[in-house]
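Please consult the sequence and the structure shown here alongside the text.

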Amino acid sequence: MTSVLRAQGLGKRYGRRWALRECTIDIPAGHVVGLVGPNGAGKTTLLKLAAGQLEPTAGDITVLGGRPGGSPAQLAKVGFVAQDTPVYAGLTVAEHLRLGARLNPRWDDAMARERIARIGLAPAQRAGRLSGGQRAQLALTLGLAKRPELLILDEPVASLDPLARREFLQGLMEAVAEHELSVVLSSHLVSDLERVCDFLIVLVGSRVPVAAETERLLATHYRLTGPRRDPDRLPAGQHVVSARHTDRQSTYVIRTDASIHDPAWTVGQLSLEDLVLAYMEKRPAESRRVALEVQR
Amino acid sequence: MEEPVIEFHLDARTGVSPYLQLVQQVRHALRLGLLREGDQLPTVKEVVAQLAINPNTVLKAYRELEHEGLVAARPGVGTFVTATLTDTSLAAHGPLRLELRRWLTKARRAGLDEESIEALFMTTFRTTAQEDIA
């Protein structure tokens, strides 16, 4: 299967601060990919690197087999909708479409007009007078009518009310079903992405601790609760994602491909949200011993 | 385009994965006779446009139903119901409900309250379901 995005040791530094480091991921085509992480984790940096709006400081990134922003053909294949779905406030809806047609070689004018009509946007309306939801739909229409193979959206629904959010995602999923494009979209809320994504990248503190198909994530992560136990005494195949201890009890979130037979543990499944939150807790690999000793 | 025969919904709190919820809703509609042989299921595009879910979720659900022999996909046209679930299982409902009632009476007599009964039922249900998979 072809990769839509492949990164090897990818890093981006601003001055002395690393916004993204040692990022190695490989995303197969045909997915709707969710990029989740807290604000400031490096999501926008990763997306801009993929869109060719930033140059990496370290490592490599290829998108649809080419260097991001490397050629006009590459630019035509990748759509990018920046944060807060920017539009030109002084231009009308119709003028946005004309601009899109002029700037994009693969522009699908019929699709753009049909979408604008269906959403109920008046072509003569100035973009500055649109509601947040309408503005987001206009930006989405421009991104889709470009007919990209990959559409990248940075926090597209963060500023929308629940109804506009649902309508936005409905339109996006409809386009995915119809045109078989790959999508990468970011959010700081897992709940926004849970229904639409089938691949998830978690980004915490400028690093990617996990990236995989959501089904695989849900099938390989467990919550273990039982009598207090040191992490060193867990089987080799169980990777600790997060750990909490009281005097008597331990609660672990672990990742493993094997099934869990230890009768001492109560084994629970995790929701996608809990799973992501577990990765957002302090990294246990570096601080597991310290954490145990501090609490003793 | 014709109105779809059934409409799907998703419950976020059940813990049942979305694809399985779709499968269950089709099976349920078949059992109740809401869906009959020859009916067309909503297209993938219709389902994702309504529920705002990933198209692969719908495709997976439809593949599962196809695998069970309940529906068949006609490329370029849609997915159609090819079997019925009504006659065989509906007849069994009565006796099973009776047995379940007797069991519930026994459980209450043994001192179990509603929550304990539900917990006992669900854990047994889950362990047997897991044993079936294993």
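The points that follow cover a cavity, a pocket and a pair of domains.

The model is predicted. One cavity of 30 Å³ or more is found in a search of the whole structure, and the second largest pocket holds about 720 Å³ of space. Chain B is divided into two parts, domain 1 (18–81) and domain 2 (86–133).

**Largest cavity**

- The space in the largest cavity amounts to about 40 Å³.
- Its lining is formed by Leu5(A), Ile25(A), Ile27(A), Leu35(A), Leu46(A), Leu47(A), Ala50(A), Val184(A) and Ile201(A).
- Two elements of chain A, β2 (17–28) and α1 (43–51), each give two or more residues to this lining.
- The largest share, three residues, is contributed by α1(A).
- In terms of class, the lining of the largest cavity comprises nine nonpolar residues, with no polar and no charged ones.

**Second largest pocket**

- A total of 28 residues line the second largest pocket; Phe80(A), Leu103(A), Asn104(A), Leu142(A) and Lys146(A) are those that lie nearest its centre.
- The elements of chain A that supply two or more residues to this lining are α1, α2 (72–77), β5 (78–81), α3 (93–103) and α5 (132–145).
- By class, 18 nonpolar, nine polar and one charged residues make up the lining of the second largest pocket.

**Domains of chain B**

- Between the C-alpha centres of domain 1 of chain B and domain 2 of chain B, the distance is 28 Å.

Technical notes
Residues are numbered from 1 along each chain as its sequence is written. Chains are lettered from A and ligands numbered from 1 in the order in which they are written. This is a predicted model: local features need pLDDT of at least 70, side-chain atom pairs count only at pLDDT 80 or more; totals for chains, interfaces and linings use all residues. Side-chain values use heavy atoms; hydrogens and water are left out. On a 1 Å grid over the protein atoms alone, a cavity is a set of points where a 1.4 Å probe fits but cannot get out, and a pocket is an open set with protein on both sides within 12 Å along at least five of seven lines; lining residues have an atom within 4 Å of a point. Grid points are joined across faces, edges and corners, and a volume is the space filled by probe spheres set on the points. Helices (H or I, at least four residues) and strands (E, at least two) are DSSP runs, numbered from the N terminus. Ala, Val, Leu, Ile, Met, Phe, Trp, Tyr, Cys and Pro count as nonpolar, Asp, Glu, Lys and Arg as charged, and the others, Gly among them, as polar. Domain bounds come from an automatic or database domain assignment.
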